[in-house]
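Student: I've got a model open and want to go through its bonds and charges with you. Can we take it piece by piece?

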Amino acid sequence: KARGKGQYQAFVEEMDSEFRYRQRLKNDLAIAISEDQLKLVYQPLVDPATRRVVGCEALARWTHPELGPIAPDVFIGLAEETGQISAITRWVLQTATAECVFWPQPISVAVNVSARDLRGEDLTRYVSEALKASGLAPGRLEIEVTETALIEDREGAAAKLAALADKGIGIALDDFGTGYSSLSYLRGMAFSKLKIDRSFIADITTSDRSLKLMANVARLGQDLDLVLVAEGVETEDQLEAIARHTAIDQVQGFLFGTPLPAPETRELIARMNRRDARSRTAKRRRP
Ligand code: C2E
Ligand code: MG
Ligand code: MG
Ligand code: MG
């Protein structure tokens, strides 16, 4: 009994310190942008047949001056709670478009937005603002949303995404297959791209079912004129299986390295898209 009580006490203290930790992060996040603590890193999206980089996803990084790196899954969630996400999204849009405009022409840049961004009127304004300031063509910008971000105000979100799509901006459904009613979102929303969640790729080389699932989702996407992306590709074998057995258009993952700052990303693109780098990998036939 005494031990149980001790455990409970430890639990309460842990909850309390967890609460205080989150509270501190929320406070400190308020000055993170103005103090230059946020940075963007980029991860390439690669055509599995040619191994050329066709686009990049911008991912936010926060290095706290005392606590060190804070994972985006943590600070983005906190920023959503406080409403600071709006300022972060604005900063990400500005920074990503300004940095990507110097990359070779057709390379696009994808920015993640959250549920809260889809609620207000700011997102549309921030996007126009960023495109205007950077001079980036709208066709080179992509907005990524997750299924869970669409649950709250489905109609409002659909209208906002349609307005962005009308400007020529790409709309990607992120982490596809992990949220709710995946298929119904494909009916009423202006998506141009589906990003299949990395949990489906993880066992693609050992599970025939996963491979078949992937091949058939890719076929469905093809029929719906969607660009299909496999997230979380970590090994050559996974890439090989995808290129051989599915009509997946783009792959993304640690196989091509961890996400990098803009200058290194630019070098990576130059290296991967060099003519001789391309001819080294024979073009594989699609099924
Ligand atoms: P996401 O948009 O699905 O981004 C992909 C995440 O998977 C990234 O994690 C990336 O580093 C990781 N990843 C990429 N390739 C691999 C792989 O081969 N294996 C594994 N295990 N992981 C891989 P990250 O950067 O930690 O971001 C996590 C999530 O945080 C993102 O998921 C996105 O939902 C959110 N996020 C990141 N940056 C932003 C942002 O600027 N705004 C918003 N609203 N959300 C963001
Ligand atoms: Mg994403
Ligand atoms: Mg994702
Ligand atoms: Mg995710």
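Student: How many disulfides does the structure hold?
Tutor: Quick ground rules: this is a predicted model, where local features need pLDDT of at least 70 and side-chain atom pairs count only at pLDDT 80 or more, while totals for chains, interfaces and linings use all residues. Residues are numbered from 1 along each chain as its sequence is written, chains are lettered from A and ligands numbered from 1 in the order written, and side-chain values use heavy atoms, with hydrogens and water left out. Taking a disulfide as a pair of cysteine sulfur atoms within 2.5 Å, the number in this structure is zero.

Student: On to charges. How many salt bridges does a search of the whole structure find?
Tutor: We count a side-chain nitrogen of Lys or Arg within 4 Å of a carboxyl oxygen of Asp or Glu. Searching the whole structure on that basis gives 16.

Student: Where do Arg-22 and Glu-81 lie, and how far apart in sequence are the parts they tie together?
Tutor: Their side chains meet in a salt bridge, N to O at 2.9 Å. Arg-22 lies in helix α1 (residues 2-32) and Glu-81 in helix α2 (residues 72-82), so the bridge connects parts separated in sequence by 59 residues. Helices here are DSSP runs of H or I with at least four residues, strands are E runs of at least two, and both are numbered from the N terminus. Arg-22 is partly exposed at 29%, and Glu-81 is partly exposed too, at 45%.

Student: Which residues does Arg-24 meet in salt bridges?
Tutor: Arg-24 is partly exposed, at 32%. Within helix α1, four residues along and about one turn away, its partner at 3.3 Å is Asp-28. There's also a 2.5 Å bridge to a residue in the loop between β2 (53-64) and β3 (68-70), so that pair ties together parts 42 residues apart.

Student: Which residues coordinate the magnesium ion (ligand 2), and which residue coordinates both magnesium ions?
Tutor: Donors are N, O and S atoms within 2.8 Å of the metal (3.2 Å for Na, K and Ca), and water is not among the atoms, so sites may look incomplete. Ligand 2 has Glu-57 (OE), Asn-112 (OD1), Glu-144 (OE) and Asp-174 (OD) at 2.0 to 2.2 Å, spaced E-x54-N-x31-E-x29-D in sequence. Glu-144 and Asp-174 are both buried. The magnesium ions, ligands 2 and 3, sit 4.0 Å apart, and the residue coordinating both is Asp-174.

Student: What is the nearest side chain of opposite charge to Asp-197, and how far away is it?
Tutor: Asp-197 is in the loop between β7 (193-196) and α7 (198-201). Leaving aside neighbours within four places in sequence, its contacts (heavy atoms within 4.5 Å) are Asp-175, Phe-176, Thr-178 and Glu-231. Lys and Arg count as positive and Asp and Glu as negative, with His and the chain ends not counted. Asp-197 is buried yet has no salt bridge, and the nearest opposite charge is Arg-198, at 6.0 Å.

Notes:
Buried < 20%, exposed > 50% of the residue type's maximum accessible area, 1.4 Å probe, protein only.
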